[in-house]
Amino acid sequence: MTKEAFLEDLITMLDTKQNIDLETDLLDIEEWSSLSAMTFLEMAEEKYGVKIEPFEIAEAVLVEDLFDAIQRNNKA
Amino acid sequence: MINIQKKENCCGCNACGDVCPKGAITFVNDQEGFWYPQINQELCIDCKLCETVCPVVSPRDNDHYEKPKCYAAVHKSIDVVFSSTSGGLFTALAEAMYRRNGYVGGAIHNDDFSVSHFISNDKEDLKRLRRSKDLQSNAEGFYKKVKQLLEEGKSVLVCGVPCQISAIRSFLGRDYDRLILVEVICLGVNSPKVWRKYLDYIEEKYGSKIISTENKSKEYGWRNLTQKFVFEDGNEAFDTRDTSLFTNGFISTHLYCRPSCYECKFKGFPRNADITIGDYWSLNEHDQSFNNDMGISVVLVNSPKGEAYFEEVKKRLTYKETPLEWAVSGNPTLNESITRISDKRDEFFKNLDKYPFDTLMERYLLPKSKTFKDHLRIAVRRLKFCKYIVNVTRLSPRALYQTFRYSGIRLLIEQKGIICGKNTILRVAKSGRMQFDGLFVLGKKGLFPNAAGESLLFVGNNASFKVLGDMTVDCDCDIEVFDNAELIFHGAKYGVCNANKGLTVICGEKIEVLPDVGIGRNVTIRDTNGNHYMNTLGYRTTRPIRIGEKAWLCEACTIMPGAKIGRSAIVGAHSVVSAAVADHTLVAGSPAAVVEKNVIWKC
């Protein structure tokens, strides 16, 4: 999965009109909430076949942290 | 060969043990619980490496900044801030090293809660590494391990107290680009033996084994310096700066720090580490932007390497550059060693094994002798209290009459009892009992002191209404304790206990609200169905209610008969609860369902 594809999927998932890149602060995305964190975990499993535990993204700050969580678990 | 003439000259960094090529140095605890090197003369070849590596005997110069850059910073993840002692800076620095596939070293609790230095490249270990430990940490073998990793070409971040950081610089003998040294601002390290004794005392007091402990838990606010304990039986206990004998002995009396801490050689500038972190205690005196009592870190960037590293970390932080003087004023310990406030330190350690911890501390904590200033403060506090009574009662004759009648002058002098707001109506039956062990303010009006809002309190025959700590209930409330029933508010213990406007409590049997419970607007708590009966199996017209310590009842929720709400649980707005809610659980809806488990929140 490329960064571009991931960002596109995330934008679709959040249904946001904001510009998002890996450096974007999650809290700067208006649509980001605790519920979207759950939706993200579901998306990771359905779309990329990667199972991520909630605690792994509990401390996420940037979009990059979500991307890293997918990469890390993909390898494992 | 190292020869310690005076205990003050050994900081216990363990570096000499690691450098000795013959393994001739072991560490032996003295009766205070601090270790000192012991040299096996038969093995010693007098190579003097131990003296060269000793940061006290052979201090090393550095070319770090005389005036470091200073920042106030907080990690952007609230979860990290909750899990950290200050603003989560160590986590941010460590995360960057894990991302480089590097190693992170620091102090961790062992199974018996002694402290050792540890290093790994597994991010999972961050949970154990973060949070200050306040103790002397055993770094035997750590220096060798760090050197080995650096020689293998690995990147390494090491966090420790200033003497350990100086020791590691001496041990390595040269600078490595791949090494980041982080020190914590240190007041002094406490005796591991006294710490264990404190834990034994806590285990005995609560009757269960401690399975984890957190320094400066945020649940009652950062400035409360709360020690949190989690026990084997699932219970939790807290010890704040006001209640903890250990914290008091450490911070206000400096009773059981290592002798070398009273003559610390690692004060002032330039600092030995690349980055210095600690609590930014004094920031709020100058700047209110981080004022939420969740913890603010101070960051001093001491070297170009530290600066480049901090640049990389910044994107995960909310930060602000501040004058260095601000940080120093709140952390005088950057420049000065602690002093021996008590002259009874030797006597304390002589008696350490003889007496239980609480007896010992009662004897050796400095008695708070009252100075003129203290007397003045007390007088001012009394005056303020009188003004407070005027403010709440608005000098309404009925409010004043009820206040004095149900509190009594004696209680009011102790600043306890009940203060009734204007338009408060109390009806207490002849055989109804009221007990106030704290200050109970009923019918407070906050922003609108002259608003009409009525407050009602009824205590029936043989009924009992107890308030055991300070508590405030705003106006428009209706508290009714029916005949033979019992209502207990524990009030504030470590935090605050306030009920916002519109509280309704209907007590037909027994309602117990434990300490530090927060109550939002228009909350209803009722343990009785008011003499209505149904032909349902197991139906009872009343069922007692218990609301756990530091629970949070949000706006307009209803707590129905039989509800048992756990510690630190949160009941969402407009929810209806009639069953049990587990500790640290957020419930919402009608009937209330679990939304989230293991929630930690700060009141």
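**Entry 1, the largest cavity.** I began with the largest cavity, which holds about 240 Å³ of space. I noted that 27 residues line the largest cavity, and that the closest to its centre are C163(B), C186(B), C264(B), F266(B) and K267(B). I then looked up which elements give two or more residues to this lining, and they are helix 7 (162–172) and strand 7 (179–184) of chain B. By class, I found 15 nonpolar, five polar and seven charged residues in the lining of the largest cavity.

For my own reference, a cavity is a set of points on a 1 Å grid over the protein atoms alone where a 1.4 Å probe fits but cannot get out, and lining residues have an atom within 4 Å of a point. Grid points are joined across faces, edges and corners, and a volume is the space filled by probe spheres set on the points. Helices (H or I, at least four residues) and strands (E, at least two) are DSSP runs, numbered from the N terminus. Ala, Val, Leu, Ile, Met, Phe, Trp, Tyr, Cys and Pro count as nonpolar, Asp, Glu, Lys and Arg as charged, and the others, Gly among them, as polar.

I also wrote down that this is a predicted model, in which local features need pLDDT of at least 70 and side-chain atom pairs count only at pLDDT 80 or more, while totals for chains, interfaces and linings use all residues. Residues are numbered from 1 along each chain as its sequence is written, chains are lettered from A and ligands numbered from 1 in the order in which they are written, and side-chain values use heavy atoms, with hydrogens and water left out.

How many cavities of 30 Å³ or more does the structure hold? I found four. The second largest cavity contains about 100 Å³ of space, and of the 14 residues that line it, C20(B), I25(B), C44(B), C47(B) and C50(B) lie nearest its centre. Its lining divides into eleven nonpolar, no polar and three charged residues.

In one of them R316(B) meets E64(A), with the closest N and O atoms 2.9 Å apart. This pair crosses between chains, from the loop between helix 11 (304–313) and strand 13 (317–321) of chain B, where R316(B) lies, to E64(A) in helix 3 (residues 63–75) of chain A.

Are R316(B) and E64(A) buried or exposed? Buried means under 20% relative accessible area, exposed over 50%, and partly exposed in between, with a 1.4 Å probe and protein chains only. R316(B) has 3% relative accessibility, so R316(B) counts as buried, and E64(A), at 16%, counts as buried too.

Next I looked up R340(B) and E8(B), whose side chains form a salt bridge at 2.7 Å, N to O. R340(B) is partly exposed at 38% relative accessibility, whereas E8(B) is buried at 16%.

Within helix 8 (residues 192–206) of chain B, D200(B) and R196(B) are four residues apart, about one turn of the helix, and their side chains meet in a salt bridge of 2.9 Å, N to O. An α-helix has 3.6 residues a turn, so residues three or four places apart point the same way. D200(B), at 39% relative accessible area, and R196(B), at 24%, are both partly exposed.

I found 29 aromatic pairs over all chains. Rings of Phe, Tyr and Trp (its six-membered ring) pair if their centres lie within 6.5 Å, and planes under 30 degrees apart count as stacked, over 60 as edge-to-face and the rest as tilted. F142(B) and Y143(B) make an edge-to-face pair, 6.3 Å centre to centre with 80° between the planes, and both residues are buried.

Last, I looked at helix 4 (residues 89–99) of chain B, where ten of the eleven residues are buried. The buried residues include L89(B), F90(B) and Y98(B). After helix 4 of chain B comes N101(B), whose phi is positive, near 60°.

Definitions and conventions:
On a 1 Å grid over the protein atoms alone, a cavity is a set of points where a 1.4 Å probe fits but cannot get out, and a pocket is an open set with protein on both sides within 12 Å along at least five of seven lines; lining residues have an atom within 4 Å of a point. A salt bridge is a side-chain nitrogen of Lys or Arg within 4 Å of a carboxyl oxygen of Asp or Glu.
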